[in-house]
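Please keep the sequence and the 3D view open while you read.

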Amino acid sequence: MSTGRTNAEIKMHQDYKPKNIEAVAQQYWNEKLTFRAEDQSEKPKYYCLSMFPYPSGKLHMGHVRNYTIGDVLLRYHRMKGFNVMQPMGWDAFGLPAENAALANNVPPAAWTYSNIDVMRTQLQSLGLGVDWSREVTTCKPDYYRWEQWLFTRLFQKGMIYKKTSSVNWDPVDHTVLANEQVIDGRGWRSGALVEKRDIPMYFMRITQYAEELLADLDQLEGWPEQVKTMQRNWIGKSHGCEVYFPYDAASIGTAGVLKVYTTRPDTLMGATYVAVAAEHPLATQAAASNPALAEFIAECKHGGTAEADMATMEKKGTNTGLFVTHPLNGEQLPVWIANYVLMGYGEGAVMAVPAHDERDFEFAKKYNLPIKQVIERDEIDAIKTASLDNKFTADHWQEWYGEKELRICINSGKYDGLNFQQAFDTISADLQAKDLGQKRTQFRLRDWGISRQRYWGCPIPIIHCALCGDVPVPDEQLPVILPEQVTITGAGSPLAKMPEFYETTCPQCGGAAKRETDTMDTFVESSWYYARYTSPGCSTGLVDERARYWLPVDQYVGGIEHAILHLLYARFFNKLMRDEGLFGEQTLRQKSVNEPFTNLLTQGMVIAPTFFREGAAGKKLWINPAEVDIETDSRGRPVGAKLRADGQPVVIGGTEKMSKSKNNGVDPQIIIDQYGADTARFFIIFAAPPEQTLEWSDAGVEGAFRFLRRIWNFAYSNKNEIGIYRNNSNQKSDEYYLKALSNDQRDVYREMHVALKQANFDLQRLQFNTVASACMKILKALEQQMVLVTSGMNTKAVVITNGFSILLRLLSPIAPHITQTLWQELGYGDDILSAPWPEVDEAALIQDEIELIIQVNGKLRGKLRVAKDADHATLEQLALTHPSVEKLLAGQAAKKIIVVPGRLINVVI
RNA sequence: GCCGGGAUGGCGGAAUUGGUAGACGCGCCGGACUCAAAAUCCGGUGCUGGUAACAGUGUGAGGGUUCGAGUCCCUCUCCCGGCACCA
């Protein structure tokens, strides 16, 4: 390692001044283009990506956490010898810009761009190792142009198609509402009862990739198991059966079949009615001559489209008076309309088996429909549980009614005695023989509706021509530019009121035509940005050959809330782009381009305490934690809180996610201004492991700052010693002095390397909070060394010099500014990022004597220092003669002695 | 409602995956320094009893497996994330 200085006497500032050193360090990285990523290298590449932010105004703690975690990984890998790349950009389209426009009368574009400028400055002040030359902004035409280009390709392939779908309609504001904007069934601004309305929309055939999206999860070894499980369940592959119920000619009047899908064909003999959605053709037919039915169907239109609401609402239904025929036993089953059956999913109809489906059971009880048991516990099980009351009863639901393992069919005619699989196969075969059904594999996953009736989004590049139909905009006319000067009224899309936008000519026939005024779901932009980062400035395509070098992303970091939607859409888009040939020819296709993100880290939320006062009419007035003083008892337990401004008490609420509504957000900028970026970064890493929720604590921030200042003070006190040791040309090797350490020094040296070993292990498993702990332990060990009576200047100097060098490098990914500054100041080198990652001195870890614990019946009773290679017989003897063991044995012999080498001896009495 | 997580001192968390529960930090208590305060440094700190040695007890609740359970199994409670138009 070369030294940066020749003179032994080192001058540095006595006090830790984060503002000064952070500015200097950041300037150093800027000037040296330290984080400009090379598009080719001898080194292995490491593409580290944090989820890009929505430019909501200013940085919040969640951002700081996300980007600090990413930056720690980036800097660590850089020191480990990787060619690293960490880009940053803006997920700039979205609803909040339109809301801000309504509130402040600012066009969404202006609001968004000004937020981006503020947030970019804030991100830069954190000292992130970002290659800003790759910045993308999704609301700019040079970005969304390629989204439109890909749309036209997918449209031509049939991967995008049009169909009608339900949206939340606000009948007062005459506008489509997001699920978030529907509160208790009412529009958030108008307060009007929301209705479902069917409108035409474009859909992406994600279901066509369902099988691959499911199967490839198995390859994602670097993903958390819980995320993969959630995605598997979301895709929801099921094996079931299609069943056709022929129309009853007498009541329906026409020939036809009612199609349903079921995963429980074994219970088909127990079907006692069928239920259809309000929009189902049979429902429409029945309602034509029945005003009560028409009224019920109208009632089903009320409320929003969110699944959570559907699942929790009261189940209601009405009998249509129509009948269908059971395909196997020929019974006439009544057709009901039920509000929980949805037209958009499956066939819009279900067969109901009340005895073996909990929801059907409830419905049947409510409307006095017949309940017919067709499944019984099998014999083995019946014997086992003979004493239990396991007889079927229609009085109340029992869990086993719905289970399919260890069950046999009863009351099912020729199917009696069959188990689940046998009944499944036999009934499916019989249905197929009668042409009334067949086995089918189905997915829960639905096609992705991407049309939005909003202004601030990427225009859908389609032209509607009366003669030619939906025509994609030709390449040479792309991008379709979203006009940025508009007025937002909150009622309908501004684009639909701008003839200068929508009036156009058909690219095919040249006749007058109308441009599509819907924009795309903002999830589309975030589905491919990781690819665009690889090819900044590319004006010839979505990506260029640089994508082949950088993709896939090696490490993706972002919130757990994106576990399903965003991550599934991005995986889907990666496959779409691959199949479009964007990542190279098919023959060159490698396993690695099938999935976009090799490793995934899902970070937890940042939460903080809440405080409030009861205002008029019981309304809570939320008070920011920064304005509150907490009182504690003599043990430090909180007993009350007071508002600093008036000294009067406030109520302590729960600890919740930082949000504007609860006024419990802590502005990271205040922390950065007061303590510096290193303190903010260190605290946020130290306070919790990345995947857990993090509770914010101002006191904890102080602690982080104190630690960094102690490092600075230690460096200042020892600057000359380290400098002289490093620069003495007559110096013998480190190894020479390390052999000559005193026992105390050897302990300190070993402690440091034990901490380093733990830290290296923790870095690999992404548990950074304990890496921060390790840094604190190393500093403590070094400080102890200072108060020890030591023999010899050089042995002391080698421990300090070696130890402090480890500390600086281990800490540098977390607190990059102070470590870079001290690395230079103390003459270790110019650039700590170019220094090799510290290695553990394994030899230093070996001890001659180890401590074993002694247990009696698993309970700690004593400790013992023994030679590290003592044999079992010796250990057993030592344990038995241990005073507290002897006392408990009271002359009796031990039943058993368990020796766990290097750990413990357990004497069983 | 469904799917996925979580719960450990006054607080944030640790425990190398079945082997000393509470590392590290915050807070609190005591001490040093100071005319004093702040800052800093040193020591203590799960709970109960005891001057103490020590004993008992303790990882959301209840059961189980094991020589030994925060960790594995079963049942339950509460909290959080997602549920397809918040991003």
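1. **A loop to start from.** L766 sits in the loop between α23 (743–764) and α24 (769–787); helices here are DSSP runs of H or I with at least four residues, strands are runs of E with at least two, and both are numbered from the N terminus. The phi angle of L766 is near 60°, a positive value in a residue other than glycine. With a relative accessible area of 23%, L766 is partly exposed; buried means under 20%, exposed means over 50%, and partly exposed lies in between, using a 1.4 Å probe and protein chains only.

2. **How to read these notes.** This is a predicted model, in which local features need pLDDT of at least 70 and side-chain atom pairs count only at pLDDT 80 or more, while totals for chains, interfaces and linings use all residues. Residues are numbered from 1 along each chain as its sequence is written, chains are lettered from A and ligands numbered from 1 in the order in which they are written, and side-chain values use heavy atoms, with hydrogens and water left out.

3. **The chain as a whole.** Chain A has 29 helices and 37 strands. Its C-alpha atoms fill a box of roughly 110 × 85 × 70 Å along the principal axes. Of its 909 residues, 52% count as buried. Looking at contacts in chain A with a separation of 6 or more, 72% come from residues 24 or more positions apart; contact means heavy atoms within 4.5 Å.

4. N368 is not a glycine, yet its phi is positive, at about 55°. You will find N368 in the loop between α12 (358–367) and β16 (375–377). N368 counts as exposed because its relative accessibility is 70%.

5. **Two cis peptide bonds.** The bond joining L478 and P479 is cis, with omega at about 0°. P479 belongs to the loop between β22 (469–472) and α15 (499–502). Another cis bond runs from L551 to P552, again with omega near 0°. Here the proline, P552, lies in the loop between α17 (546–550) and β26 (553–559).

6. **A four-stranded sheet.** In which order do the strands of this open sheet stand? The order is β13-β14-β12-β15, and the pairing is mixed; two strands pair if DSSP finds at least two bridges between them. β13 (317–325) and β15 (349–352) are the edge strands, each with a single partner, so one side of each has no neighbour in the sheet. On average, neighbouring strands are turned by 30° against each other, direction ignored. β13 and β14 (residues 332–338) run antiparallel and are joined by six bridges, and V324 stands opposite L333 in β14. Helix α10 (residues 291–300) packs on the sheet and touches β13 and β14, its direction making about 110° with that of β13; axes are lines fitted to C-alpha atoms, for helices over the stretch in contact, and angles run from 0 to 180 degrees between N-to-C directions.

7. Strands of a sheet pair through backbone hydrogen bonds, either parallel or antiparallel. Strand β5 (residues 160–170) runs antiparallel to β9 (residues 195–204), and ten bridges join the two. Within this pair, S165 stands opposite I199 in β9. β9 also pairs in the antiparallel sense with β19 (residues 448–449), over two bridges. There, M204 has W448 as its bridge partner.

8. The axes of α20 (residues 677–686) and α21 (residues 698–727) come within 9 Å and cross at roughly 115°. From α20 the contact involves D678, T679, F682 and F683, and from α21 it involves G700, V701, A704, F705, F707 and L708. By class, these are seven nonpolar, two polar and one charged residues; Ala, Val, Leu, Ile, Met, Phe, Trp, Tyr, Cys and Pro count as nonpolar, Asp, Glu, Lys and Arg as charged, and the others, Gly among them, as polar.

9. **Cysteines.** How many disulfides does the structure hold? There are zero, a disulfide being a pair of cysteine sulfur atoms within 2.5 Å. For C409, the nearest cysteine sulfur is that of C241, 13 Å away. C409 counts as buried, at 2% relative accessibility. For C509, the nearest cysteine sulfur is that of C465, 3.6 Å away. C509 counts as partly exposed, at 39% relative accessibility.
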